[in-house]
Amino acid sequence: RYSLFYNRLKNIEENEGGLDKFSKSYKTFGVNQFVDGGIYCKEWAPGAEAVFLAGDFNGWNPFSHPYKKMEYGKWELFIPPGQDGYPPVPHGSKLKVVIRAQNGELLYRISPWARYVVRDEDKVNYDWVHWNPPQSYIHKHPSPKRLKSLRIYESHVGIASPEGKVASYKNFTYNVLPRIKDLGYNCVQLMAIMEHAYYASFGYQVTSFFAASSRYGTPDDLKEMIDVAHSMGITVLLDVVHSHASKNSEDGLNKFDGTDSCFFHSGHRGNHQLWDSRLFDYANWEVLRFLLSNLRMWIEDYRFDGFRFDGVTSMLYHHHGIGTGFSGDYNEYFGLHVDEDALCYLMLANHMIKFLHPECITIAEDVSGMPALCRPVAEGGGGFDYRLAMAIPDKWIQIIKELKDEDWNMGNIVHTLTNRRYEEKYIAYAESHDQALVGDKTLAFRLMDAEMYTNMSVLSPLTPVIDRGIQLHKMIRLITHALGGESYLNFMGNEFGHPEWLDFPRRGNNESYHYARRQFNLTEDHLLRYRFLNAFDRDMNKWEEKFGWLASPPAYVSEKHESNKVIAFERAGLIFIFNFHPYQSYVDYRVVIWHSSLIVIFKYEILLDSDAAEYGGHQRLDHSTEYFSEEYSHNYRPNSLMV
């Protein structure tokens with residue numbers, strides 16, 4: 001794998017002047033304005049017979065501005081400035097690339113490199129708008145330094161409002177970012193930023209890869225949002241979709257030059273049978289140019305601090321993970337079923353990012369457990385910094401759905417939370433946007449279900465269902481946070497147990513926005529119990545910020561007691577003790593401490609208590625109590641203490 005990567009990189013160095021120049025192609029492809037006011041246009045359309053540029057600037061004459069055919073399927077056009085020195089294609093004017101296909105048909109296409117596309121309310125398809133304002137937004141704040149502990153707030157700009165509408169970049173900047181900061185998250189991961197024609201696709205059916213979604217505002221609005229986040233010390237990651245592309249042809253990449261291939265594999269291999277989308281040909285030189293340039297544009301133009309790569313499992317294997325289970329056997333990760341070209345692209349992408357912007361972070365969404373995916377490229381690894389611990393949310397769902405409380409298996413929970421590849425960093429999460437979508441349920445909704453509609457008020461009795469749900473919601477999130485990985489992720493609203501599910505406006509729900517919103521106002525009502533969960537999540541993050549357990553070595557698990565339903569472990573000098581028993585409490589319970597000194601007596605105090613009143617608990621513990629270590633052997637360690 002490293003040999004394939006090295007040969008590709010060497011070819012780029014020899015034929016393109018290096019990776020720096022190769023990945024800077026976003027500044028020459030598409031439609032770009034020169035300093036003297038002229039317009040330089042460049043496209044790759046290997047299957048086209050002829051290429052033209054049409055738009056408002058030439059009265060939509062499809063033939064007045066023909067491109068010149070170059071080598072390797074490239075086409076170029078230079079439009080000189082007007083007599084008055086003004087650019088011939090004004091800012092805000094609409095454009096189309098006109099392709100004469102091999103059968104003679106004229107195709108009106110949006111450039112794959114378009115920076116801004118909009119859709120009028122009375123239209124179905126998007127229009128390409130030339131974005132070149134006289135004064136672009138100027139970033140004022142530097143990016144935060146690379147974080148040791150990532151606490152990620154997974155977000156969607158469009159639903160980030162209690163109102164039933166598509167929310168804006170401005171709303172996120174001034175209403176949501178302060179909330180994220182207050183909750184103690186130091187990183188925001190933005191979904192659905194790359195332009196997608198179908199809102200209900202959650203941003204995963206991308207149509208314009210270089211365009212920030214216009215449904216939330218302008219490119220400058222997004223730049224301001226990222227700049228303000230940086231001023232708060234918040235790192236900003238982009239959920240990038242390079243695993244597939246929308247099948248749209250009128251306003252997408254599909255059949256751009258009139259052929260079935262171009263950016264994609266032709267025939268069956270170029271189609272994803274479950275996602276109904278197109279699959280990139282990662283062995284193609286121009287596809288590599290397009291995708292690598294895309295990453296660099298988001299970093300350098302918008303100042304994103306890194307990426308979460310979506311659908312990595314689909315990229316890694318020719319079977320795309322469809323109908324395939326992964327047991328961890330190495331035969332599942334090495335063989336002809338692996339798409340080595342896609343893996344090589346990921347290695348090139350990570351190498352380029354680390355070479356040009358070493359402070360950037362990359363995350364892989366891979367459910368298969370591909371070995372070395374998060375090891376350096378120089379070791380033959382994939383080069384990612386983190387991978388998502390995708391087994392953890394599945395385990396919590398399985399436990400809650402299938403088991404009675406008294407049947408929870410402590411050893412199985414600990415195994416799932418600690419089962420990760422040595423020296424590869426994992427992002428732990430109890431639930432993400434996947435669990436919030438219609439057809440699934442969030443943890444809060446699984447735990448409390450219909451009673452969330454009637455019994456979340458402090459004026460109503462604390463029923464057993466609500467009581468159990470609130471306590472387990474906190475415990476599940478804390479043990480996942482502290483034991484499950486080297487970073488932590490939460491989807492917006494889930495921190496306070498957001499009720500119901502997430503469903504975008506579509507024909508099946510009468511285009512309703514009722515479920516396409518986040519009711520942050522629920523945490524501000526002191527008569528509702530949502531504020532308890534919100535406060536616990538905030539304080540959990542604040543303590544991590546102080547003690548840094550995510551950046552510490554893996555925890556030492558000293559107890560996973562099946563009959564007592566107790567899990568105890570130590571990490572970052574803190575002792576975490578969880579009692580999952582449905583009805584049994586304990587006094588004088590002995591737990592191990594890691595320190596083995598026979599001379600020093602260590603004193604412990606309670607830092608975070610899920611049973612505290614401010615978190616909706618029953619306040620059964622005295623926080624003024626001090627706990628002292630003893631030279632008393634327990635669970636094969638020389639020292640312990642009583643709690």
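Colleague: Does Phe63 count as buried, partly exposed or exposed, and at what relative accessibility?

Modeller: This is a predicted model, and the accessibility is computed from it. Buried means under 20% relative accessible area and exposed means over 50%, with partly exposed in between. Phe63 therefore counts as partly exposed, at a relative accessibility of 42%.

Colleague: Phe63 forms an aromatic pair with Phe52; what is the angle between the planes?

Modeller: A pair of aromatic rings is described by the distance of the centres and the angle of the planes. A search of the whole structure finds 45 aromatic pairs. In the pair of Phe52 and Phe63, the centres are 5.3 Å apart. The pair is edge-to-face, a term for planes over 60 degrees apart, and the angle here is 90 degrees.

Colleague: Where in the chain do Phe52 and Phe63 lie, and how many residues apart are they?

Modeller: Phe52 is in strand β3, residues 50-55, and counts as buried because its relative accessibility is 7%. Phe63 is in the loop between β3 and β4. The pair links distant parts of the chain, and the separation is 11 residues.

Colleague: Phe536 and Tyr615 also form an aromatic pair; how many residues apart are they?

Modeller: The pair of Phe536 and Tyr615 is edge-to-face, at 5.2 Å centre to centre and 85 degrees between the planes. Phe536 belongs to helix α13, and Tyr615 to the loop between β26 and β27. Both Phe536 and Tyr615 are buried.

Colleague: The charged end of which residue sits over the ring of Tyr632?

Modeller: A charge sits over a ring if, among other conditions, CZ of Arg is within 6 Å of the ring centre. Arg637 lies over the face of Tyr556, at 5.9 Å from the ring centre. For Tyr632, the charged end is 3.8 Å from the ring centre, and the residue is Arg590.

Colleague: At what angle do helix α1 and helix α5 pack?

Modeller: Two packed helices are described by the angle between their axes and the distance between the axes. Helix α1 covers residues 2-16 and helix α5 covers residues 285-300, with the axes 13 Å apart. Helix α1 is roughly perpendicular to α5, a term for angles of 65 to 115 degrees. The angle is about 90 degrees.

Colleague: Which residues of α5 meet α1?

Modeller: On the α1 side, the contact has Arg8, Asn11, Ile12, Asn15 and Glu16. The residues of the contact of α1 with α5 divide into 3 nonpolar, 2 polar and 3 charged. On the α5 side, the residues are Trp285, Leu288 and Arg289.

Colleague: What is the phi of Phe202, which is not a glycine?

Modeller: Most residues other than glycine have a negative phi. Phe202 is found in the loop between β12 and β13, and at 4% relative accessibility counts as buried. The phi of Phe202 is positive, about 65 degrees.

Colleague: And what is the phi of Glu511, which is not a glycine either?

Modeller: Glu511 is found in the loop between β21 and α13. At 47% relative accessibility, Glu511 counts as partly exposed. The phi of Glu511 is positive, about 55 degrees.

Colleague: How far apart in space are Ser261 and Pro46, C-alpha to C-alpha?

Modeller: Ser261 lies in the loop between β14 and β15, and counts as partly exposed at 28% relative accessibility. Ser261 and Pro46 are 215 residues apart in sequence. In space, C-alpha to C-alpha, they are apart by 9.5 Å.

Conventions: Residues numbered from 1 in each chain as written. Predicted model: local features only at pLDDT ≥ 70, side-chain atom pairs only at ≥ 80, totals over all residues. Heavy atoms only, no water. Axes fitted to C-alpha atoms, helices over the stretch in contact; angles between N-to-C directions. Helix = DSSP H or I, 4+ residues; strand = E, 2+ residues; numbered from the N terminus. Parallel < 35°, antiparallel > 145°, perpendicular 65-115°, else oblique. Contact = heavy atoms within 4.5 Å. Nonpolar A, V, L, I, M, F, W, Y, C, P; charged D, E, K, R; others polar. Buried < 20%, exposed > 50% of the residue type's maximum accessible area, 1.4 Å probe, protein only. Phe/Tyr/Trp six-rings, centres within 6.5 Å; stacked < 30°, edge-to-face > 60°. Lys NZ or Arg CZ within 6 Å of the ring centre and 35° of its normal.
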